[in-house]
Amino acid sequence: MENSHLNSSENATVVVQVPVIKTVHDILLVVLLVAVMFAMGCHITWEQLWFHVRRPIGIIIGMCSQFILLPLSAFILIKVLGLGILHATGLLLLACSPGGVTSNIFTYFCDGDISLSIAMTTCSTLVALGMMPLNLYMYGQNLNQEDVVIPYGKMALSLVAVTCPVLVGMLIHWKFPKVAGYLTKIGSYAGLLIIVVCQTMEFFIFPNIFAAVPWQLYFAVVLLPCLGFSLGYTSGWVCRQKPQVRRTISIESGVQNVGTALTVASLSFPFENLEKVLLFPWLYAFSMTGVCIIISALYQLYVRQCNISKSVETLPVEREVSAVRYAEEGGKSNSAYVGDSTKM
């Protein structure tokens with residue numbers, strides 16, 4: 001009797017702890033979103049962002065990779081591996097989702113174009129309002145899945161959450177440029193730490209997440225982010241984009257918004273089927289982060305081993321902005337701006 005009483009007490013403690021851990025986990029995700037987008041905003045100027053809006057070739061390439069090539073590749077992967085209907089639905093939901101904020105962090109660590117990354121993250125959230133249901137309808141019919149509910153309200157809220165901290169960060173960059181540099185580094189490393197903490201907490205929230213997972217799903221969960229990175233980089237290379245832009249498009253195409261996929265699944269499927277549908281997005285979060293960390297580490301090692309100067313190897317978008325402004329002003333350059341950009 002005493003042992004059974006102890007066991008029941010331990011089970012009750014676990015039941016109580018899981019909701020607490022889940023609450024802390026969700027709070028950390030909100031902190032992650034705000035902190036990272038604020039830090040990325042501190043790294044760019046309005047001129048850099050406007051440059052990509054006026055010349056949206058990088059954004060267009062990224063949207064095609066993310067909403068045309070990746071869902072098609074995911075559907076082919078489902079058919080080749082012969083995934084079960086519920087696991088396949090989770091994979092398709094993830095592949096059709098917009099880009100996530102994690103991409104901005106790893107774009108920073110890979111010396112990508114932060115302004116392009118933020119522009120692509122924002123645009124992908126907007127484009128997903130139409131392309132996500134279209135892709136799910138096109139490919140979902142072949143999976144015989146039920147109608148899915150698209151959380152338009154939540155996606156619109158995420159758009160606001162992405163843009164507002166960026167605007168505040170850009171204001172800090174404008175008023176306090178020296179402080180902004182430190183805030184970018186602090187926010188980037190803090191964001192990476194929060195990602196690791198959140199994914200560790202997920203083991204406590206879902207202790208049986210890796211139980212009875214077919215090998216085909218493990219293969220798919222590693223292959224999909226690699227496909228996204230490869231498709232994005234290849235598309236940028238085919239369109240003759242510079243290395244920094246290619247890396248940015250690659251990361252944006254390979255990093256999906258796991259939260260959107262989880263929300264769509266939660267709103268669309270009955271509870272008895274939900275665990276299998278959610279399995280792929282949960283596993284993808286671990287795989288995507290791991291692949292991104294490996295790519296970032298290899299890139300940093302490559303830069304150090306080859307002794308490559310960032311100012312030479314990467315695309316100095318500030319100088320391109322200066323050139324555009326120079327032409328627009330009839331050959332009268334803004335010497336202060338050009339002088340500042342050459343220091344980058």
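Start with the surface. Trp46, Trp50 and Val53 make up a nonpolar patch there, with about 330 Å² of accessible area together. Patch members have over 30% relative accessible area and no salt bridge, and nonpolar side chains (Val, Leu, Ile, Met, Phe, Trp, Tyr) are joined within 5 Å. A salt bridge would be a Lys or Arg side-chain nitrogen within 4 Å of an Asp or Glu carboxyl oxygen. Areas are Shrake-Rupley values with a 1.4 Å probe, and for residues only the protein chains shown count as cover.

A word on the source. This is a predicted model, where local features need pLDDT of at least 70, side-chain atom pairs need 80 or more, and totals for chains, interfaces and linings use all residues. Residues are numbered from 1 along each chain as its sequence is written, and side-chain values use heavy atoms, without hydrogens or water.

Back to Trp50. It sits in helix H2 (residues 46-54). Helices are DSSP runs of H or I, at least four residues, numbered from the N terminus; strands are E runs of at least two. Trp50 counts as partly exposed because its relative accessibility is 39%. Under 20% is buried, over 50% exposed, partly exposed in between (1.4 Å probe, protein chains only).

Now the whole chain. It has 15 helices and zero strands. Of its 344 residues, 47% count as buried. The accessible surface is about 17,100 Å², with 68% belonging to carbon and sulfur atoms.

How values were computed. Patches are made of residues with over 30% relative accessible area and no salt bridge: like charges are joined within 9 Å, nonpolar side chains (Val, Leu, Ile, Met, Phe, Trp, Tyr) within 5 Å.
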